[in-house]
Amino acid sequence: MFWAEKIANDVVRKYDARIKKGESIIVRDEKTASGRVHVGSLRSASLHAIVADVLASEGVPVTFHFEINDFDPMDGIPSYLDEAEYTKYMGMQLYKIPSPEPGFDNFAELYGQEYVRVLEQLGFGAQVYRASELYLSGKMNDLIRTTLEKRNDIRRIYAEVSKSERPEDWHPLNVVCENCGKLSSTKVTDFDGETVAYTCSSDTISWAEGCGHSGRISPFDGNGKLPWKVEWAAKFVVLGVHFEGGGKDHYSKGGARQVAEAISREVFMFEPPYGVFNEFFLIGGKKMSSSKGNAATAVELAELLPTHILRLLLLKTPINRQIDFDPDGDAIPVLFDTYDRLAEKTWSGVEDDDSVLFQFVHTPAERSHIHKRFLPRFSQIAFFVQMPHMDVFEEVEKMKGSPLTDEDRTEVDLRVTYAKRWLETYADEKFIFVLQETLPPHAATLTNEQKQALAQFATRIELADEFTGESLHKLSHEIKEGLSGLSAGDFYAAIYAVFLGKESGPKIGWFLSTLDKDFVIKRLTLKA
Ligand SMILES: [Zn+2]
């Protein structure tokens, strides 16, 4: 069974009575908009979006809320911003910090909207809201009051569940300093039922400077913010959440999730949502910070892959297993091959986990009209686009063996676009091929055995009636079988050397068949 279906089944079992009444299941996820969003966050977004999607496809009414968390303070400066300029904002809330780029209301809007656009592109449609709306509208007021009134219960839960001791005078709340506007530097010292006393000091936290101000302020209507484990529980309550997971790091014993669940039950008297953890999403290559680009951000990954292929990357691996993606290597060609395999199976009428996955790999909007079409291998398209003498459409038509339909041509266009993008950005050197217009200097280093084998191959090609991928493949095999004093590897390396100036390349027969026969013969005999 597709992993998201299993989770959706658990949700249905848990909220059976509610669903039977026709009431909506609330799914929630959030991302703090503290900078460009790392691909890792797509794991969490895909978990929530796909569970909501599966539920909806089963006829369960469901609403997926996605929060841009703009109410958190800045607690670090992203490496691509000027540290000197942003240091003064450390400890200030993201929605109050100016946007590094024009056209956005604040810091959080720039990065939050950028990420939401990726989610939309992925078909992870969600109702987007901001954390600041929850606080400023007063929706959090009752929970802030309960938190302050039951602060000793919260202290006990922190000690019991996460073994972390808080001082006896601890008030789980930060307020915004009326003098300097910072949140992280304030410490609340009492609550009289309507207002809290606070001091703003550099001693409160190491990374934010305070101004020394002290005063009394109402903790409500956006003046105060709960610490995040308490806030997590409060958000379960405010939105009435039924399904919400989180990163594996929060799911450890005594971790944030257990603390939030205990607070939800024991302090807010609210049954916490069902949830599972998502494993990490790693980017394998070491070159990720190189000038070539940085697929470590969600935006860049979404530019590197078309929607259905990115969804495949996110959905094919069960959520509790790690994804390690390496755009330098063959991960992208392999992803396309995987898509092609799922498509072929589905289109041949097979109904199994793969055909279910194939459906969900497409956005809900695409799903009703997935056209059956010819799917040329991505690796071959990536080769074609590097050979200026080749007409990609003609080559694909040869592969297909019949004229291309409109859908086929659209697919070829798409693969050409993404193959070029991959080759220009991440593809390792071994995928880059340049047909050498003249005999490469490398050919001078060939041994006599290699030269003889090439000459023999040339003669056989000249005598043969056919000049096709298949016939050339057979011929090269026959030569290889008859070699003496030369390994098969050295024979093939010699062929790649004279045509591409490299030691390896695409499948020999198929590759040579795309070239002019006379040219192939001349080059193999080192005459051109
Ligand atoms: Zn202050």
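Modeller: Domain bounds here come from an automatic or database domain assignment. On that basis this predicted model has domain 1 (3-133 + 230-278), domain 2 (144-152 + 160-225) and domain 3 (441-524).

Colleague: How far apart are the centres of domain 1 and domain 3?

Modeller: They are separated by 57 Å, taken over C-alpha atoms.

Colleague: Now the metal. What makes Cys 177, Cys 180, Cys 200 and Cys 211 donors of the zinc ion?

Modeller: Their SG atoms sit at 2.2 to 2.3 Å from the zinc ion, and the cut-off for a donor is within 2.8 Å, so these four cysteines count. Along the sequence they follow the spacing C-x2-C-x19-C-x10-C.

Colleague: Why is the site of the zinc ion called tetrahedral?

Modeller: Four donors get that label if all angles lie between 85 and 135 degrees. The angles among the 4 donor atoms run from 102 to 116 degrees, so the site is tetrahedral.

Colleague: Why is Cys 177 called buried, and why is Cys 180 called partly exposed?

Modeller: Buried means under 20% relative accessible area, and exposed means over 50%. Cys 177 has 3%, so it is buried. Cys 180 has 24%, so it falls in between and counts as partly exposed.

Colleague: How confident is the predictor in the protein chain?

Modeller: The average pLDDT is 94, and 98% of the residues score at least 70. Over residues 285-293, though, pLDDT stays under 50. Where pLDDT is low, the predicted coordinates should not be read in detail.

Colleague: And where does the 'HIGH' region come from?

Modeller: An unreviewed UniProt entry places that short sequence motif at residues 33-41. In the model, the span is 22% helix and 0% strand, with its end C-alpha atoms 11 Å apart.

Note on methods
Residues numbered from 1 in each chain as written. Predicted model: local features only at pLDDT ≥ 70, side-chain atom pairs only at ≥ 80, totals over all residues. Heavy atoms only, no water. UniProt positions renumbered as here; feature names shortened; annotations may be inferred. Helix = DSSP H or I, 4+ residues; strand = E, 2+ residues; numbered from the N terminus. Donors = N, O, S within 2.8 Å, 3.2 Å for Na, K, Ca; no water. Tetrahedral: all angles 85-135°; square planar, octahedral: opposite > 155°, others 65-115°. Buried < 20%, exposed > 50% of the residue type's maximum accessible area, 1.4 Å probe, protein only. pLDDT = per-residue confidence, 0-100. Contact = heavy atoms within 4.5 Å.
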